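Student: Hi! I've got a structure open and would like to talk it through. Could you help me find my way around?
Tutor: Happy to, let's take a look together.
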Amino acid sequence: MSKQLFERPTITKLTPGVPSKHGAGTVIAPMPLIDGVKVDDLIEQYGSPVYVFSERTIRKAMEDIKRAFSLRYQKVQMAWSYKTNYLDSICRIFHKEGSWAEVVSGFEYDKAIRNGVKGENILFNGPAKSALELEKAARNGSFIHIDHFDELFMLSDICMSKNIEARVAIRVNMDIGIYPKWDRFGLNYENGEAWDAINRIMNNPKLKLMGLHTHIGTYIMSVDAYRIAASKLAELACSIAQKFDHYISYIDMGGGFASKNTLRGAYLSGEDTTPSFEEYAEAITSAIINSQIKPDKLPTLILETGRALIDNAGSIAGSVLANKRLSDGRRATIVDVGVNLLFTAFWYDHKIHPVSNHSGLVEETTIYGPLCMNIDVLRPSLMFPSLKRGDRFVITRTGAYNNTQWLQFITTRPNVVLIDQNRKVHLIRRAETLEDVAANEFIPEYLG
Amino acid sequence: MLIKGNIALSDNGFVFNPSSGDSFTMNHTGKEVIMLIKEGKTINEIIELMLEKYDVDKMTLERYLLDFMNDLSSNSLLEE
């Protein structure tokens, strides 16, 4: 009888991700590719760090949200929230997907026009519109969302003196049973200010009340809050119809849907706790459909979703600069992405993936950015593999707010690239130079 | 050389150490060795038995057995 093949005897300790109070065990998957493109190639061509956007992911998110809402409600219109990310190429993808523009300043308004959005497809929000901006928006037929009485009076004066009409909506804030209560924007529902504003608009021949708008907050995890808000706006719409025989053409539920990022200090991962578009859609559309609004008079539902559509599509690829041991023995890793580029590190526990394979062994690590400032901490503590100088990593879900709230601080801002649907890479914003930053400065002659 | 008395061994190579809460899995040769130890065989007896059964030279076998013993010991599975 021939002998059997010998395999060396092994014994392996089982360390499944035992759930603890910190959640499942740490498994940090390497991420060699972003949307099919090698991270190493991106960094070699565009430098480190580099912002990377995936057009595929953006379009997929748009498809998902449109499907979730239009399956449940006839008339749905998306409006891209410019402040979430106003890189022109990103805005244009959303406009190509059918989104209008939702802007909160004259600057954003002009950006939307430059991006080819028609005036009548712009929603003009915000508490700080100037007289000139209001006049321009009125003449363009944009929807002006009135934030306070001073704005209402100013717009009324402009329309009277210039003999023009304005299409308006009012922003309504209300108690929807969540904390914090957002009552600083718009007119309050419970104290009657919203109704007072509606009465004034309806009695003003120059102002056309087109819609009702609310924006209940940001990163709202409770779909019930949306249900209550939508019910209250629908009630207001019914009251308007009853009193003035006027049917508003839209209800704008604003934004605030949570992305899948994990908030700092959150017990569970955002991936597990964030409601789906379907859940938000069910709450909002059922509240409107079940209201007293007549079925043939149901208004268009406008959504200004920003974060939940773009966060997942953005990443930052960077490199490790150094490792050190802190006084208490913890490892610290210094990387070339700072809070100036990743503003959202202040409220998210961003996921960081090494680009290359690693042994699987992880160690408690603090991740510092490169700024010579104590606040520059990306992750105060996470279980992370031991990366050495020059190793590369990807920070995921960075698409929302980081390219609008970023700071030109201590250093300049890096390249931004877009991976199109055919996996071709395009530079959509070049890295800043000293000349860019100094271009707006003047030196008085005596300092010359 | 003895496996600790409270260590639970299953037929399919699963090992549980109730005093530490650790559990382990073994490949078939690992399981065979540990069963032979449990039967009270000495290292030399184990080597002879396995040389007969497997296509392996003595030096390689001894080297891997030693490694395996070290693993058992460092995982606190052997009596001191």
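Student: Let's start with chain B. How does the radius of gyration of chain B stand against that of a compact globule with 80 residues?
Tutor: This is a predicted model, so keep that in mind throughout. Chain B has a radius of gyration of 12 Å, and a compact globule with 80 residues would be near 12 Å, so the two agree. Along the principal axes, the C-alpha atoms of chain B fill a box of roughly 35 × 25 × 20 Å.

Student: And how many helices and strands are in chain B?
Tutor: Chain B has three helices and four strands. Going along the sequence, they follow the pattern β-β-β-α-α-β-α.

Student: What share of chain B is buried?
Tutor: Buried residues make up 18% of its 80 residues. As for contacts in chain B between residues at least 6 apart in sequence, 41% of them join residues at least 24 apart.

Student: Why does B:Asn17 count as partly exposed?
Tutor: B:Asn17 has 17 C-beta neighbours inside 10 Å, so it counts as partly exposed. A buried residue needs 20 or more.

Student: Which strand does E2 of chain B pair with over four bridges?
Tutor: E2(B), residues 14-17, pairs with E3(B) in the antiparallel sense over four bridges. If you want a landmark, B:Phe14 stands opposite B:Thr25 in E3(B).

Student: In what order do the strands of that open sheet come?
Tutor: The order is E2(A)-E3(B)-E2(B)-E1(B), with antiparallel pairing across the four strands. The edges are E2 (11-13) of chain A and E1 (8-9) of chain B; each has a single partner strand, so one side of each is left without a neighbour in the sheet.

Student: Let's move to where the chains meet. How many residues of each chain are in contact there?
Tutor: On the chain B side there are 18 residues, in contact with twelve residues of chain A. The elements of chain B that give two or more residues are strand E3 (22-26), helix H1 (28-38), strand E4 (54-55) and helix H3 (58-74). E3(B) gives the most, with five residues.

Student: What classes of residue are on that side of chain B?
Tutor: There are eight nonpolar, six polar and four charged residues on the side of chain B that touches chain A.

Student: And which strand of chain A is joined to E4(B)?
Tutor: That is E1 of chain A, residues 4-5, which runs parallel to E4(B) and is joined to it by two bridges. There, A:Gln4 stands opposite B:Tyr54.

Student: OK, chain A next. What should I know about it overall?
Tutor: Chain A has twelve helices and 22 strands. Of its 448 residues, 40% count as buried. The C-alpha atoms of chain A fill a box of roughly 95 × 75 × 45 Å along the principal axes.

Student: At what angle do H2 and H10 of chain A pack?
Tutor: Helix H2 (residues 55-70) and helix H10 (residues 277-289) of chain A pack at about 35°, with their axes 8 Å apart. The crossing is right-handed. On the H2(A) side you'll find A:Asp64, A:Ile65, A:Ala68 and A:Phe69, which meet A:Phe277, A:Glu278, A:Ala281 and A:Thr285 in H10(A). By class, that contact has five nonpolar, one polar and two charged residues.

Student: Which residues of E9 in chain A are buried on each side?
Tutor: A:Phe143 and A:His145 are buried on one side, and A:Ile144 and A:Ile146 on the other, so both faces of E9(A) are covered. E9(A) runs parallel to E8(A), residues 122-124, and two bridges join them.

Student: Last one: where is the cis peptide bond?
Tutor: It runs from A:Ser48 to A:Pro49, with omega near 0°. A:Pro49 is found in the loop between helix H1 (39-46) and strand E5 (50-54) of chain A.

Key:
Residues numbered from 1 in each chain as written. Chains lettered and ligands numbered in written order. Predicted model: local features only at pLDDT ≥ 70, side-chain atom pairs only at ≥ 80, totals over all residues. Contact = placed C-beta atoms within 7 Å. Nonpolar A, V, L, I, M, F, W, Y, C, P; charged D, E, K, R; others polar. Pairing = 2+ DSSP bridges. Rg over C-alpha atoms; globule rule 2.2 N^0.38 Å. Buried ≥ 20, exposed ≤ 12 C-beta atoms within 10 Å, placed from the backbone. Axes fitted to C-alpha atoms, helices over the stretch in contact; angles between N-to-C directions. Left-handed = near helix turned anticlockwise from the far one by under 90°.
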